[in-house]
Amino acid sequence: MCGRYATTANPARLAAELDAIDETGDPPDLDRANYNVAPTNQVLTVVERHDHDHPEDDPALRIRRMRWGLIPVWTKASEPGVPAKGKPLFNARSDRAATAPSFRDATKKRRCLVPMDGWYEWLVEPAPTGRGKAVKQPFFMSNADGSPLYMAGLWSTWRDRSVEDMAPILSCTILTTDAVGDLTRIHDRMPLVMPREHWDAWLDPDRPAPAELLETPGPERVSGIVARPVSSLVNSVRNNGPELLAPAPGAPAPDSEQAGQISLI
């Protein structure tokens, strides 16, 4: 699963790098780095859509902010303009998304990418003495060379039709799949990494995504990812800052030359 991640992406810079349109409305110089992204936070996404006023034009990449935790279009309102609370749909299984009621519509027409520096997962280990509570050690999974990761996601728009001129609420979920390679030693699930060569097919708003893009990838898909133990500060969503990525006490420093294999370091 993926329930916490870190991102230092700036929408203006991201738009420039991807030749995309920045639709976030953020000031270009606003630093919104978030080292402890949690469900319900507003997060950056990459979508490909046609221009509303010129639908005949080719679709373009667009950077949008969305609520992390998908709100299905059929969700009822608990009060005017407010969607009723339901399950926190911040993850969707890639092997079930096409048929699950909450995700099948988005799988057909509204797919996105979620940029991140890396994600956190907790390895549960027995208590050192063999007695008492198990120890949960947080790990941070990221590219060894520091390059960003782009995870496959789905998105939705929600409106309360009883509220005139209500702006839609955009929301998203991150797809997960079976973990592969050495990442299985930490958790049995991982976010679905979407490599650049598949972006066109994944984001195409006019065609369904090829079914193989939803399948569990081979170990080569995550061959540049390293996993390293980090500070337990990340355990609390109240903590946020680069110190969350500091190596756990006694852990070796990350080795950027280990790209090409997944390493627990």
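Predicted model: local features only at pLDDT ≥ 70, side-chain atom pairs only at ≥ 80, totals over all residues.
**View 1. The cavity and the residues around it.** The structure holds 1 cavity of 30 Å³ or more. Its lining is formed by Trp119, Glu121, Met141, Ala179, Leu183, Ile186, His187, Arg189 and Met190. Two or more of the lining residues come from β10 (118-125), and two or more likewise come from β14 (189-191). Sorted by class, the lining of the largest cavity comprises 6 nonpolar, 1 polar and 2 charged residues.

**View 2. The buried and exposed sides of helix α1.** Within helix α1, which runs over residues 11-18, the residues Pro11, Leu14, Ala15 and Leu18 are buried. Seen down the axis of α1, these buried residues fall within an arc of 100°, and therefore they line one face of the helix. On the face turned away from this buried side, α1 carries the exposed residues Ala16 and Glu17.

**View 3. What covers the buried residues of α1.** The cover over the buried residues of α1 includes the strands β2 (21-22), β4 (42-49), β5 (60-68), β9 (111-116) and β12 (149-158), together with the helix α3 (199-203).

**View 4. The two ends of α1.** At the start of α1, asparagine 10 reaches with a side-chain oxygen to within 2.9 Å of the backbone nitrogen of alanine 12. Just after α1, at the other end, aspartate 19 takes a positive phi of about 55°.

Notes:
Residues numbered from 1 in each chain as written. Heavy atoms only, no water. 1 Å grid on protein atoms, 1.4 Å probe; cavity = no way out; pocket = protein on both sides within 12 Å on 5 of 7 lines; lining within 4 Å. Points joined across faces, edges and corners; volume = space filled by probe spheres on them. Helix = DSSP H or I, 4+ residues; strand = E, 2+ residues; numbered from the N terminus. Nonpolar A, V, L, I, M, F, W, Y, C, P; charged D, E, K, R; others polar. Buried < 20%, exposed > 50% of the residue type's maximum accessible area, 1.4 Å probe, protein only. Arc of directions from axis to C-beta. Contact = heavy atoms within 4.5 Å. Polar contact = N/O pair within 3.5 Å; in protein donor to acceptor, adjacent residues only side chain to side chain.
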